[in-house]
Amino acid sequence: MPAYLALDTSTEHLSLALSGGTAGLTVRDWHVGQRHAELTLQAIEQLLADTGVQRSEISGIAFGMGPGSFTGLRIGCGIAQGLAFGLNIPLLGVSTLQALAAQCEGEQAYVCLDARMNQVYCAAYRKQDGQWLETVAATVCDPDAVPLPEGEGWIGLGSGFAAYGSLLAPRLGNAIASIVPDRFPHAREILALATPLFDAGKGLPADQAELLYLRDKVALKTHERVAKP
């Protein structure tokens, strides 16, 4: 089985997932606050050591491309790019909202992350033929103005429900059947979503890494993220 590495630094958590090695699949996560820059590389090295996987055995790297913390996203993307460049392997960015939806135990997920500034990142996904398909486009907005999904029976996931539940509840009404507010994007689902793409040869060169900043309404490539004087 190819060894693929996934990481997510989009929230106050740091999560890693690695396929391959003696365990087959190994996942780790920590609540690190704002210490991603300090801890991520050493956590990856420890994960590789614990699983017996060498850097040279990694065939692809996936990362949470956003939305999420601007600083956290840049750190995760930069680390993924650096490793991919050094190993000459492909990488893939995976939506943090889709990764959150993939944790849903039902077939319909309404995901909502705290975007700070009294706003949320949100989207809706429906599972079809094993794939999580976006049915409400990802956006950033005020909690009392989130887009409404069609029908009922949606499961709400994510920190947006923990932070703004009193505003989201009347807005979403009967569309939401239950809420799981303590979920966050995890590298486990990022890896699961990226693996079939890697296996199909759809990984990208490291210089094509993108981040999704919903507040800017764009996905920015590396050269577009360089600060201008």
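These legends go with a set of close-up views of a predicted model.

**View 1. Helices H1 and H2 cross at roughly 35 degrees.** Here we look at H1 (residues 36–51) and H2 (residues 70–87), whose axes come within 10 Å. The crossing is right-handed. On the H1 side, the contact is made by His36, Ala37, Thr40, Leu41 and Ile44, and H2 answers with Ile75, Ile79 and Leu83. Sort those residues by type and you get 6 nonpolar, 2 polar and no charged.

**View 2. Five strands line up as an open, mixed sheet.** Reading across, the order is E3-E2-E1-E4-E5. Strand E3 (25–31) and strand E5 (91–95) sit at the edges, each pairing on one side only. From one strand to the next, the twist averages 15 degrees. At the E5 end, strand E4 (residues 58–66) runs parallel to E5, and the two share 5 bridges. One spot to look for is Ile61, whose bridge partner in E5 is Leu91.

**View 3. Leu92 is a buried residue in strand E5.** Its relative accessibility is 8%, so Leu92 counts as buried. Beyond its neighbours within four places in sequence, Leu92 is in contact with Ile61, Ala62 and Phe63, and also with Ala194, Leu197, Phe198, Lys202, Gly203 and Leu204. Ala6 makes a handy landmark too: Leu92 and Ala6 are 86 residues apart in sequence, but their C-alpha atoms are 9.2 Å apart in space.

**View 4. Tyr4 and Phe198 form a stacked ring pair.** The model has 2 aromatic pairs, and this is one of them. The ring centres are 4.9 Å apart and the planes sit at 20 degrees, so the pair counts as stacked. Tyr4 comes from strand E1 and Phe198 from helix H5, 194 residues apart. Tyr4 is buried at 6% relative accessibility, and Phe198 is buried as well, at 8%.

**View 5. Phe70 and Tyr213 form a tilted pair.** Their ring centres lie 4.7 Å apart with the planes at 40 degrees, so this pair is tilted. Phe70 belongs to helix H2 and Tyr213 to strand E11 (residues 210–213), so the pair ties together parts 143 residues apart in sequence. Phe70 is partly exposed, with a relative accessible area of 30%, whereas Tyr213 is buried at 4%.

Technical notes
Residues numbered from 1 in each chain as written. Predicted model: local features only at pLDDT ≥ 70, side-chain atom pairs only at ≥ 80, totals over all residues. Heavy atoms only, no water. Axes fitted to C-alpha atoms, helices over the stretch in contact; angles between N-to-C directions. Helix = DSSP H or I, 4+ residues; strand = E, 2+ residues; numbered from the N terminus. Left-handed = near helix turned anticlockwise from the far one by under 90°. Contact = heavy atoms within 4.5 Å. Nonpolar A, V, L, I, M, F, W, Y, C, P; charged D, E, K, R; others polar. Pairing = 2+ DSSP bridges. Buried < 20%, exposed > 50% of the residue type's maximum accessible area, 1.4 Å probe, protein only. Phe/Tyr/Trp six-rings, centres within 6.5 Å; stacked < 30°, edge-to-face > 60°.
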